[in-house]
Amino acid sequence: MTRPLDAARPSGAARPPGAVTPPGATTPSDAARPPGATTPSDAARPPGAAAPSDAARPPGATASAAAAGTAARRIAAALAALVAVHGASGCGRSAEQHEADALLHAIDALRDAPSEPRAAREALLAELERHPASTPPAVNARDTCARAYRLLLDATAAEARVRALLAAPAGSAGPGALSDLADLAAADAKIKESAATMPRCAEALADLRRAARRGM
């Protein structure tokens with residue numbers, strides 16, 4: 001049945017501005033589209049296909065990008081730690097710094113060695129006295145510490161000879177007995193001089209360590 005409003009308007013004529021479509025009536029555009037028909041944009045996309053914006057982004061792309069960023073940060077942190085380890089192990093240190101390290105090790109070994117057997121300590125002292133030193137802090141540390149320990153070992157050696165002389169049976173003293181007794185008189189002076197030199201040895205070691213940290 002034709003409604004009076006539609007009958008009054010010729011076919012294809014525009015609806016006057018402000019005209020209200022009665023309830024249940026269809027607009028001309030709706031009337032031209034069969035029930036269930038899709039819009040042109042929907043008809044161009046196959047059923048189940050993603051919208052263009054969704055199709056451009058692969059599934060899980062956001063999660064993959066976040067994981068890649070985390071991995072990159074972890075790799076950078078590992079490389080930084082590796083560089084720090086190599087730097088700490090002596091990479092780029094000068095020859096003078098390596099020399100200082102070896103000299104410090106030689107002095108520490110002599111200081112920490114037990115007093116007996118005396119021959120082992122003598123060997124460490126001889127090694128220190130021959131140790132190369134090419135910078136003023138290294139020369140000062142080597143010579144000062146070697147002097148302190150040379151005095152100490154010479155004094156203890158003299159004391160050991162006198163103890164052996166006193167423990168020997170009567171009349172068994174050799175021709176060097178008088179010389180050993182004379183050395184004992186000087187041993188006390190050597191021990192005192194060694195004790196006075198030890199603090200200067202410690203100061204020289206501290207200066208050498210500071211110089212090595214600065215790069216000599």
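The exercises below, each with a worked solution, concern a predicted model of a protein.

**Exercise 1. Overall make-up**

Determine how many helices and strands the protein has, and what share of its residues counts as buried.

*Solution.* Begin with the secondary structure, which comes to 9 helices and 0 strands. Read along the sequence, the pattern is accordingly α-α-α-α-α-α-α-α-α. Next, consider burial: the protein has 216 residues, and 20% of them count as buried. The accessible surface comes to about 14,400 Å², and carbon and sulfur atoms hold 62% of that area. Finally, turn to the contacts with a separation of 6 or more: residues 24 or more positions apart account for 66% of them.

**Exercise 2. Confidence**

State the mean pLDDT of the protein, and identify stretches where pLDDT is below 50.

*Solution.* The mean pLDDT is 74, and 53% of the residues reach 70 or more. One stretch with pLDDT below 50 covers residues 1-14, which have 5 contacts in the model beyond near neighbours in sequence. A further stretch, residues 82-90, stays under 50 as well, and the model has 2 contacts for it beyond four places in sequence. Where pLDDT is low, the predicted coordinates should not be read in detail.

**Exercise 3. The surroundings of Q97**

Locate Q97 in the secondary structure, decide whether Q97 is buried or exposed, and name the residues that Q97 touches.

*Solution.* First, the location: Q97 belongs to helix α6, which spans residues 95-112. Second, the accessibility: the relative accessible area of Q97 is 9%. Buried means under 20%, so Q97 is buried. Third, the neighbours: leaving aside residues up to four places away in sequence, Q97 touches A212, G215 and M216.

**Exercise 4. Salt bridges**

Give the number of salt bridges in the structure, then examine the pairs D108 with R209, R111 with D112, and D207 with R210.

*Solution.* The structure holds 12 salt bridges. Side chains of opposite charge can pair when their charged atoms come close.

- D108 and R209: their side chains meet in a salt bridge, with a distance of 3.7 Å from N to O. D108 lies in helix α6 and R209 in helix α9 (residues 177-214), so the pair ties together parts that are 101 residues apart in sequence. R209 counts as partly exposed, at 31% relative accessibility.
- R111 and D112: the closest N and O atoms of this salt bridge are 3.1 Å apart. R111 is partly exposed, with a relative accessible area of 41%, whereas D112 counts as exposed at 55%.
- D207 and R210: this salt bridge has an N to O distance of 2.3 Å. Both residues lie in helix α9, 3 residues apart, which is about one turn of the helix. D207 is partly exposed at 35% relative accessible area, and R210 is partly exposed at 37%.

To complete the solution, consider the network: salt bridges link R118, E122, E129, R150 and D154.

**Exercise 5. A cis peptide bond**

Find which residues are joined by a cis peptide bond, and where P117 is placed.

*Solution.* The cis peptide bond joins E116 and P117, with omega about 0°. P117 is placed in the loop between α6 and α7, the latter covering 118-130.

How values were computed:
Residues numbered from 1 in each chain as written. Predicted model: local features only at pLDDT ≥ 70, side-chain atom pairs only at ≥ 80, totals over all residues. Heavy atoms only, no water. Helix = DSSP H or I, 4+ residues; strand = E, 2+ residues; numbered from the N terminus. Buried < 20%, exposed > 50% of the residue type's maximum accessible area, 1.4 Å probe, protein only. Contact = heavy atoms within 4.5 Å. pLDDT = per-residue confidence, 0-100. Areas by Shrake-Rupley, 256 points an atom, 1.4 Å probe, with all protein chains shown as cover. Salt bridge = Lys/Arg side-chain N within 4 Å of Asp/Glu carboxyl O.
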